[in-house]
Amino acid sequence: MSAAPHLDIDALLDDRGVGVIVCCGSGGVGKTTTAAALALRAAQRGRNVCVLTIDPARRLAQSMGLTELDNTPRPVPGIEGGSLSAMMLDMKRTFDEIVIAHSDPERAEAILENPFYQALSSSFAGTQEYMAMEKLGQLRQQSAGGDPWDLIVVDTPPSRSALDFLDAPKRLGSFLDGRLIRVLAAPARGAGRMSARVFSASLGLFTSALSKVIGAQVLRDMQLFVSSFDALFGGFRERADQTFAQLQAPDTRFLVVAAPESDALREASYFVQRLESESMPLAGLVLNRVQEVRLPELTASTARAGAERLNGEHHLVAELLKLHADRMETAARQEHLAGSFTGAHPRVPVASVIALADDVHDLEGLQTVGNLLAGDPTTT
Amino acid sequence: MNVRAPNWSRVRLHVVSGKGGTGKSTVAAALALALARGGKKVLLLEVEGRQGIAQIFDTAPLPYQESKVAVAEDGGIVYALPVDAEAAMLEYLEMFYGIKRGGYALRRLGAIDFATTIAPGLRDVLLTGKASEAVKRGEKVGRPAYDAVVLDAPPTGRITRFLNVNTEIAGLAKVGPIRTQADSVMGVIRSARTAVHLVTLLEEMPVQETLDGLAELRAAGLPLGAVVINQVRGSQLDDEQLRLAAERALPESVLKKGLRAAAIDPTAATLRALADEAADHAARAALQNSERRRLAQTDQPILELPLLPGGIDLAALYGLSEAMTEQGLPG
């Protein structure tokens with residue numbers, strides 16, 4: 001199997017034609033840390049960067065000076081070279097702000113107080129993903145308006161599937177703009193248009209079952225919400241489509257983040273295929289938490305056989321040999337998994353980051369991760 | 001190792017949650033195998049629609065019906081069911097409203113998806129309802145269909161909302177089968193028949209999420225089970241050896257002598273690499289210990305499962321289930 005092409009992180013960060021880097025991947029693979037480390041490195045290389053994080057670990061957030069979730073970028077002090085601002089996404093607030101910005105105070109209040117809106121803005125699957133995109137759009141406009149950012153790094157919400165991020169606008173858009181919600185929201189207007197008999201029969205059945213199951217109040221809230229929301233946006237699907245389209249802008253690059261585990265790499269693989277079919281530019285794969293190999297010439301089996309030969313004596317050496325054997329086996333399994341990914345996607349460049357013994361919780365730690373990402377040999 | 005051995009003899013519903021990437025589905029599967037030892041029947045449920053059980057047990061995608069996926073020691077059997085909210089909803093419509101053919105039309109319209117979407121609590125009632133039904137099945141005639149049910153549940157960040165279905169559907173229908181269903185589900189979930197286990201790694205974020213999750217579950221009055229620490233990097237090195245390893249002060253003469261006895265040439269490169277690896281391990285061990293201390297404050301029983309260098313295959317799964325049994329399961 002041929003080796004994967006090398007992902008040149010510094011070339012990506014230095015490319016002035018790149019204005020947005022989106023870090024995607026399934027949950028628990030180190031997306032937020034990767035996004036923060038990339039942003040810091042880009043800033044230190046002279047770019048004016050804003051990083052949008054979703055749900056950072058407390059100490060990571062603190063390391064960037066993010067003590068409160070106020071939905072606004074805050075400058076990170078002590079950066080030499082360019083500049084770095086960081087923010088945490090507050091999805092409900094982002095949604096609220098969109099509503100407020102697009103309507104008069106009275107109507108905005110009616111929407112914000114609607115229980116259906118409240119459920120939608122705080123718990124609908126995909127709202128967080130969609131709001132991350134909306135926020136990205138706002139940040140881009142702000143920087144076009146004279147703010148100093150020339151690179152925005154985006155972390156994406158922790159979800160089982162990386163695809164959730166790309167599916168969110170369509171999902172939210174077709175939900176809020178779908179045939180069904182339209183008919184339910186305006187029964188009198190909609191019923192006349194429904195010619196197919198099966199459809200209207202099913203619909204009547206549905207409306208009655210639905211109100212029995214979820215209660216008439218929820219339906220009424222939803223109807224009120226849809227009609228006032230409609231007046232605002234004249235169709236949410238269009239807005240969602242536009243929000244999605246900005247991800248296809250020529251200055252945007254995707255980075256897929258994964259850990260060398262079969263689940264995470266399978267997700268990464270789906271995501272790569274999807275980006276290809278959407279014509280969205282993929283910069284490459286970041287493979288986090290890779291087992292570092294020291295002394296590859298001492299194989300796992302030799303080390304294990306050596307430990308056994310000690311037969312209870314030389315306790316310390318026996319333990320060290322077992323630890324070495326474990327590392328070699330872990331590395332071999334990871335290499336096999338990474339090899340399968342590259343076999344399926346031979347042109348996708350890869351940057352590997354070795355597993356660190358400590359959690360990252362300060363700028364120095366982020367810098368170390370950045371060095372590792374860039375394959376900078378001056379570290380460790 | 002485990003000083004607070006869990007007593008789970010009365011628990012029939014084991015809910016397994018954990019942060020993404022901690023291996024909660026693997027732990028749920030291993031737990032099901034451990035509970036099935038000694039000729040028991042156990043049902044393993046998954047609710048996130050990703051056919052994780054099939055992948056873990058290395059079988060073809062599972063249908064929406066209870067099927068046998070593994071045998072445990074002494075003839076125990078693990079059955080599995082991937083619960084699908086849409087299918088469960090159609091079941092209800094049929095059972096309570098006699099809607100059958102209409103159900104398929106509703107599905108074509110996307111209506112089921114729509115209903116479970118505009119009322120997020122509804123989906124959870126349907127999913128948890130399946131678990132509580134499996135727990136109760138056969139109880140009345142004194143012969144429960146399953147000795148235990150293991151639910152591979154949503155991640156820690158969503159687990160309290162997921163289980164607290166009564167509160168979630170409070171804004172929905174006040175009467176009717178869904179309300180009855182929610183009450184009956186809560187009857188099972190809040191009782192001593194249920195335990196909610198959280199899977200974590202000995203790293204900062206998963207531990208923090210576990211502590212937050214436990215506090216939330218406790219506040220909601222849900223029954224806590226064990227904290228399962230997954231992927232523990234163990235060694236037999238004692239504290240003094242770890243200290244020396246961290247300081248890169250392991251005695252070279254001892255290393256050389258041991259390596260020669262192991263028939264490995266103690267070259268400078270070998271000595272340096274082993275010392276580096278020992279230092280890495282010591283740093284990990286220190287981090288693990290400090291995170292372990294944070295978890296020990298919770299008063300929950302703690303189970304520890306080792307990191308498996310070879311990854312998770314069926315044999316490894318049985319190994320993990322054995323490790324659980326050794327630590328006092330099923331109580």
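**A walk through chains A and B**

Over residues 187-196 of chain A the pLDDT stays under 50, and for this stretch the model, which is a predicted one, has 4 contacts beyond four places in sequence. Within chain A, confidence is lowest in helix α10 (residues 187-193), where the mean is 43, and highest in helix α1 (residues 9-14), where it is 97. For chain A the mean pLDDT is 84, with 84% of the residues reaching 70 or more.

Chain A also holds an open sheet of 8 strands with mixed pairing, and the strands follow the order β3-β4-β2-β5-β1-β6-β7-β8. At its edges stand β3 (74-75) and β8 (350-354) of chain A, each of which pairs on one side only. Strand β2 (residues 48-53) of chain A pairs with strand β5 (residues 151-155) of chain A in the parallel sense over 4 bridges, and A:Val51 stands opposite A:Val153 in β5(A). Across β1 (20-24), β2, β4 (83-88), β5, β6 (252-258) and β7 (282-290) of chain A lies helix α2 (residues 31-44) of chain A, which runs at about 170° to β2(A).

In chain B, helix α1 (residues 24-36) and helix α14 (residues 314-326) pack with their axes 8 Å apart and at an angle of about 65°, so α1(B) and α14(B) are roughly perpendicular to each other. The crossing in which α1(B) passes α14(B) is right-handed. Residues of α1(B), including B:Val27, B:Ala30 and B:Leu31, meet residues of α14(B), among them B:Leu317, B:Tyr318 and B:Met324. Sorted by class, the contact of α1(B) with α14(B) has 10 nonpolar residues, 3 polar ones and no charged ones.

Key
Residues are numbered from 1 along each chain as its sequence is written. Chains are lettered from A and ligands numbered from 1 in the order in which they are written. This is a predicted model: local features need pLDDT of at least 70, side-chain atom pairs count only at pLDDT 80 or more; totals for chains, interfaces and linings use all residues. Side-chain values use heavy atoms; hydrogens and water are left out. Axes are lines fitted to C-alpha atoms, for helices over the stretch in contact, and angles run from 0 to 180 degrees between N-to-C directions. Helices (H or I, at least four residues) and strands (E, at least two) are DSSP runs, numbered from the N terminus. Angles under 35 degrees count as roughly parallel, over 145 as roughly antiparallel, 65 to 115 as roughly perpendicular and the rest as oblique. A crossing is left-handed if the near helix is turned anticlockwise from the far one by less than a right angle, and right-handed if clockwise. Contact means heavy atoms within 4.5 Å. Ala, Val, Leu, Ile, Met, Phe, Trp, Tyr, Cys and Pro count as nonpolar, Asp, Glu, Lys and Arg as charged, and the others, Gly among them, as polar. pLDDT is the predictor's confidence in each residue, from 0 to 100. Two strands pair if DSSP finds at least two bridges between them.
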